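Hello,

I am passing a structure on to you with this email, and below it you will find my notes on what was found. Please take your time with both.

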Amino acid sequence: LRSPHGFPEGCSKQVQGRGRGRVEDTVAYHDKDDDMVVSRQELLDSLAQWNVVKIRMREGIKLVNKADLQGVKDFEKSLDYMRRKPVTFPEKMRPELERLFSLKKGTKIFPDLRGVNSFSDSEFFSPLQDRLHELGARGGEL
């Protein structure tokens, strides 16, 4: 049985509050005209946008995993037609990326990219530190 607010009976107020917050966040993300209603078109547009970002991340991670800096730059430049301004690249990178891109192009950093879905610290940079340390301990061979 559900309460009048859509939550199962017996659900604590705390759980209901968290659920309501997630619903409001979801509506806010998809609702482009701020009318607090997500139209079919708004949903389709935001899902398409999310998938573009997901594919971009996946392809970028594959290129970085092969220490292919030029490939990353070329890939990002290929997406300029979707941007307001062409992409620019910083002159300075994180030290981990400096070390990674100093490796021979084609060097496979992670043998398996499952579980690496972003360049977040927990999914990418922390494991990268470990792999770079292993690389140094093996005299440059991964």
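Predicted model: local features only at pLDDT ≥ 70, side-chain atom pairs only at ≥ 80, totals over all residues.

Residues are numbered from 1 along each chain as its sequence is written, and side-chain values use heavy atoms, with hydrogens and water left out.

As for the overall picture, the protein has five helices and zero strands, so that the elements read α-α-α-α-α from the N terminus on (helices are DSSP runs of H or I with at least four residues, strands are runs of E with at least two, and both are numbered from the N terminus). Of the 142 residues in the protein, 26% are buried. The accessible surface comes to about 10500 Å², and 55% of this belongs to carbon and sulfur atoms; such areas come from the Shrake-Rupley method with a 1.4 Å probe, and for residues only the protein chains shown count as cover. If we take the contacts (heavy atoms within 4.5 Å) between residues at least 6 apart in sequence, 46% of them join residues at least 24 apart.

Next come the charged side chains. Side chains of opposite charge can pair when their charged atoms come close. The structure holds 10 salt bridges, a salt bridge being a side-chain nitrogen of Lys or Arg within 4 Å of a carboxyl oxygen of Asp or Glu.

One of them joins Arg94 to Glu96, at 3.3 Å from N to O; here Arg94 is partly exposed at 36% relative accessibility, whereas Glu96 is buried at 9%. Another links Arg83 with Glu76, at 2.3 Å from N to O, and in this pair Arg83 counts as partly exposed at 25%, while Glu76 counts as buried at 12%. Arg114, the residue we began with, pairs with Asp112 at 2.6 Å from N to O, and Asp112 is partly exposed, with a relative accessible area of 36%. Finally, salt bridges that share partners join Arg56, Glu76, Asp80 and Arg83 into one network.

Technical notes. Buried < 20%, exposed > 50% of the residue type's maximum accessible area, 1.4 Å probe, protein only.
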